[in-house]
Amino acid sequence: MEKKIPQATAKRLPLYYRFILNLHNQGKTRVSSKELSDAVKVDSATIRRDFSYFGALGKKGYGYNVEYLLQFFKDTLEQDAITEVALIGVGNLGTALINYNFSQSNNTKIVMAFDRSKRTAKTENGNIPIYSIEQLEEKLNGVEVAILTVPAAAAQDIADRLIDCGIKGIVNFTPARLTIPDDVRIHHIDLSVELQSFIYFLKNYPMNE
Ligand code: NAD
């Protein structure tokens, strides 16, 4: 990508992509920022600003060209290249993520999982091998993204091992705050923090103000 897109905009890309792909599959050739706004629940001024970063300048009374946007999103999100993901900790949350396996996006796939327990987790997705955590170094085989769904107490140790294997990014679902080197990217996903900030916004920024 030549032009740097702000992080907040980049976060909305998959949302836009999914909607535009649906429109394209329905045979639609253009879309207005109002239609987009209603569908993805982002206000139309933000959409217009976001899209100006993509070089998509909607025309008044015409809207945006669906084909152009779709190609842009495919290129930017690299929809053709599959990112392989390893999941560590096949408990309640891990099993749910494996079963879901990002079926709505086709560029991210959990390809293997690890757990400490010998029991084979009951997953609907029988295609994903679940290895013993002892085999992490042996089996990871160049996978660069990992999802951590182990208990918090085990998180740092697993993260260290993943980093030694050359992992580039970790999506951390555990409440543990991890120490990682600068060249490894980490995302913390904490439902209680999300809910708290959601409730704060709900109370302090009522809609339509
Ligand atoms: P769980 O106990 O059902 O699953 C944890 C799994 O990790 C088990 O299968 C266990 O055998 C495995 N495990 C434990 N130590 C390990 C190790 N050293 N190496 C490999 N595997 C190991 O727990 P859960 O409910 O699935 O939660 C998992 C994590 O996700 C917890 O840290 C929890 O706090 C967090 N969590 C986060 C959210 C969220 O929204 N972010 C929601 C629920 C749970």
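Helix H7 (residues 152–164) lies across strand E3 (83–88), strand E6 (145–148) and E7, running at about 170° to E6; axes here are lines fitted to C-alpha atoms, for helices over the stretch in contact, with angles from 0 to 180 degrees between N-to-C directions. Contact means heavy atoms within 4.5 Å. Helices (H or I, at least four residues) and strands (E, at least two) are DSSP runs, numbered from the N terminus.

This is a predicted model, where local features need pLDDT of at least 70 and side-chain atom pairs count only at pLDDT 80 or more, while totals for chains, interfaces and linings use all residues. Residues are numbered from 1 along each chain as its sequence is written, and side-chain values use heavy atoms, leaving out hydrogens and water.

Now for the sheet. Its six strands line up as E5-E4-E3-E6-E7-E8, open and with parallel pairing; two strands pair if DSSP finds at least two bridges between them. Strand E5 (130–132) and strand E8 (185–188) stand at the edges with a single partner strand each, so one side of each has no neighbour in the sheet. From one strand to the next, the twist averages 25°. Strand E7 (residues 169–172) is joined to E8 by four bridges, and asparagine 172 sits opposite histidine 188 in E8.

Elsewhere, the axes of H1 and H3 come within 11 Å and cross at roughly 100°. That makes H1 roughly perpendicular to H3, a label used for angles of 65 to 115 degrees (under 35 is roughly parallel, over 145 roughly antiparallel, the rest oblique). Among the residues making this contact are Tyr16 of H1 and Phe51 of H3.
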